[in-house]
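Subject: Structure handover

Hello,

Here is the structure I said I would pass on. Please open it next to this message and follow along.

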Amino acid sequence: MSALIELRSSRHAPTPIEATDAAHLAAARKRLSAAQRSWLDENGFDAKPGGVCLVPDANGKLARVLVGVDRQDSLSSLAALPMTLPVGEYTLAPESVALNVELVALGWALGAYQFTRYRKAKRDAAVLAVAAKTLATLTPLVEATYRVRDLVNTPTEDMGPKHLADEVKQLGKAHKAKVREWVGDELLDDNFPTIHAVGRASHRAPRLIELTWGKTTAPKVTLVGKGVCFDTGGLDLKPSDGMRWMKKDMGGAAHAIALAGLVMEANLPVRLTLLIPAVENAVSGNAMRPGEVVITRGGHSVEIDNTDAEGRLVLCDALAYAAEQKPALIVDFATLTGAARVALGPDLPALFANDDALAHAALACSNDVADPIWRLPLWRPYRKLLDSYLADFTNTGASRHAGAITAALFMERFIPDGMPWLHLDTYAWNDGDRPGRPRGGEAMGLRAMFALLSKRYG
Ligand code: BES
Ligand code: ZN
Ligand code: ZN
C-alpha cells in the first residue's frame, strides 16, 4: 500500500487539498488570489460533492486543489482523487471543513486499489501524506481490505480450495500460528460429511482449513468463512446470469482470513480459531443429489432440497466443529443468499445475532468506523419453512420467502443455546466503480467486526 505516506517523510511540500462545501466556499475563495478566484469561476467550481478544481499559482504550477465534499461522508470525500489527480504528493489542508481525517485517508487508500495480477496498473496513484499515527492505524486495515479484494477478484482456476489453504498457511507462517487441514476423504474419516458431500463432485478435493493462534488461556474467538470457490449451483444448476460471478462465492472466506490477519497483527489477547470450509460446488456423476439426506457433524439429518443452498451446508459442519471447542464468540461471513441482497441491496451485509447486546455492540462499531451492516431477525417461527417429511429439516424449503432468515435459522441449529454468534450475509462485491469502491471484490463488514473484536478484547 503506497497511496499513503507519513507527512514527515514527504520529499517536497505536498500540495494542499482543501475540502470544502457550498457553505464554506466563500471562505475558501478568500484564501486565493484574484486570478485564482477567476480560475475557479471559469471552471464553474461550486463545491458540490465530487467537484474538483486544480488551482495554479502565478507560474502555472499546481498550487492547491479544491474539492467539494459531503461532510457526512468522510470516507468517500477524497476517494476518487488518487486515480484522478496528477501523480504527486498531497495533504489535506487544515483549512478544510471538519471531516473525520482518518476516514478521509482510509477512503483515499481504498480508492487507490488496482487489481494487477493479470494486467499492468493503469497509472500510479497520487499519494496522500498523513500523520504517522494515522498511517500506523490505517495500514493494516487497508492491507486487509486489499487482501479481500485480491482473493475475491482472482478467478477460480487460480483460487481453488488449495489456494485458499495456501493463503491460510502463508498467514499462519507470518504470525507463527498453527495450520491444519482435512482434505478429501479425510473429511469423512473425521466426520465432516456435509463439507464432503458439497465438494466431492469437483476434481479439486474439498477441504476444511483450520488456523489456531494465541494463548490457550485467552478468550476463544472463532472466525468462519464460506469458501465456495465456485458455485455452479450443483445439479440444481444456476442459469448463466446467476453463475457468471460465482467465483466470488469464497468472499466470506476472504473476509474471515483478512479478519484473522488483523487480529494477529494487532496481537489481540484472544485464542483465535479460523475455519474455512473450501469447496467447489460442481456438477459430476458423483454430485450430491436433491432429495439425499446427509447426517451432519452436528448430528442433525438434513434433506437436500436444493443443491444450490450449499453455503449453509459447508458452514454447518464448520460451525458444529467450532462449537465443540466452546468459544466465547463465533463470527461467520458468507455470500450466503440472494435474498439478503433483495432485502438490503448490495452494500449492506445482513447481520444475524443470537444475542441482542452483542448485536447492538456490533452495530455501534459499524457506525463508528463507517462500515455499514444492518440487522435482520432470527425469526424462529420461520423454522417451519425448513420442515422435512423424512429428516430433521431441509436445507431450503419450497417457499422463497425470508430466504436470508431461513438460511440463518438453518445455521443457528448448529450453534448451542447461549453461545454468542454473529452471522454476516455479505455480497463481497461492487457491481460498478464508485469513489473508494472499485468494481469487483469488496470487503464489507470487515472493519466493523475488527472494531468489535478490538473493543471487546483489546
Ligand atoms: N452463493 C449463493 C448466494 C448468492 C447469489 C450470493 C448471488 C450473492 C449473489 C448461494 O449459494 C445460493 O445459491 N443461494 C440460493 C439459495 C436458494 C437455492 C434457497 C439463492 O440465494 O438463490
Ligand atoms: Zn448456491
Ligand atoms: Zn453459494
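Below are some notes on the metal sites, the ligand and the strands and helix around them.

This is a predicted model, in which local features need pLDDT of at least 70, side-chain atom pairs count only at pLDDT 80 or more, and totals for chains, interfaces and linings use all residues. Residues are numbered from 1 along each chain as its sequence is written, chains are lettered from A and ligands numbered from 1 in the order in which they are written, and side-chain values use heavy atoms, with hydrogens and water left out.

The metal sites

Which residues hold the zinc ion (ligand 3)? Its protein donors are K226 (NZ), D231 (OD), D249 (OD) and E310 (OE), at 1.9 to 2.4 Å. Donors here are N, O and S atoms within 2.8 Å of the metal (3.2 Å for Na, K and Ca); water is not among the atoms, so sites may look incomplete. Along the chain, the donors of this ion follow the spacing K-x4-D-x17-D-x60-E. The six donor atoms make angles of 77 to 173°, and the site is octahedral. Six donors count as octahedral if opposite donors are over 155 degrees apart and all others between 65 and 115; four count as square planar by that rule, or as tetrahedral if all angles lie between 85 and 135 degrees, and anything else is irregular.

The zinc ion (ligand 2) is coordinated by D231 (OD), D308 (O), D308 (OD) and E310 (OE), at 2.0 to 2.2 Å. In sequence, its donor residues are spaced D-x76-D-x1-E. Around this ion the six donor atoms subtend angles of 72 to 168°, which makes the arrangement irregular.

D231 bridges the zinc ion (ligand 3) and the zinc ion (ligand 2), and the two ions lie 3.2 Å apart. D231 lies in strand 10 (residues 227-231) and E310 in the loop between strand 13 and helix 11, so the pair ties together parts that are 79 residues apart in sequence. Helices (H or I, at least four residues) and strands (E, at least two) are DSSP runs, numbered from the N terminus.

Are D231 and E310 buried or exposed? Both are buried. The relative accessibility of D231 is 3%, and the relative accessible area of E310 is 1%. Buried means under 20% relative accessible area, exposed over 50%, and partly exposed in between (1.4 Å probe, protein chains only).

Ligand 1

Ligand 1 is surrounded by 16 residues, and the closest are K238, D249, D308, E310 and G338. A residue is counted if one of its heavy atoms lies within 4 Å of the molecule. There are polar contacts too (pairs of N or O atoms within 3.5 Å; within protein, one must be able to donate a hydrogen and the other to accept it, and residues adjacent in sequence count only if both atoms are side-chain atoms). An oxygen atom of ligand 1 is 2.8 Å from a side-chain N or O atom of K238. For the side chain of K226, the corresponding distance is 3.2 Å. A polar backbone atom of G338 lies 2.7 Å from an oxygen atom of the ligand.

Helix 11

Helix 11 (residues 311-324) has 14 residues and reaches 20 Å from its first C-alpha to its last, close to the 20 Å expected at 1.5 Å a residue. The expected span is 1.5 Å times one less than the number of residues. Of its 14 residues, 13 are buried. Just after helix 11, K326 takes a positive phi of about 50°.

The strands

Two strands pair if DSSP finds at least two bridges between them. Strand 14 (residues 329-334) pairs in the parallel sense with strand 9 (residues 220-225) over five bridges, and also with strand 18 (residues 421-425), again parallel over five bridges. I330 is the bridge partner of T222 and stands opposite W421 in strand 18. In a regular strand the side chains alternate between the two faces of the sheet. On strand 14, L329, V331 and F333 on one side and I330, D332 and A334 on the other are all buried.

Strand 8 (residues 207-213) has seven of its seven residues buried.

Regards
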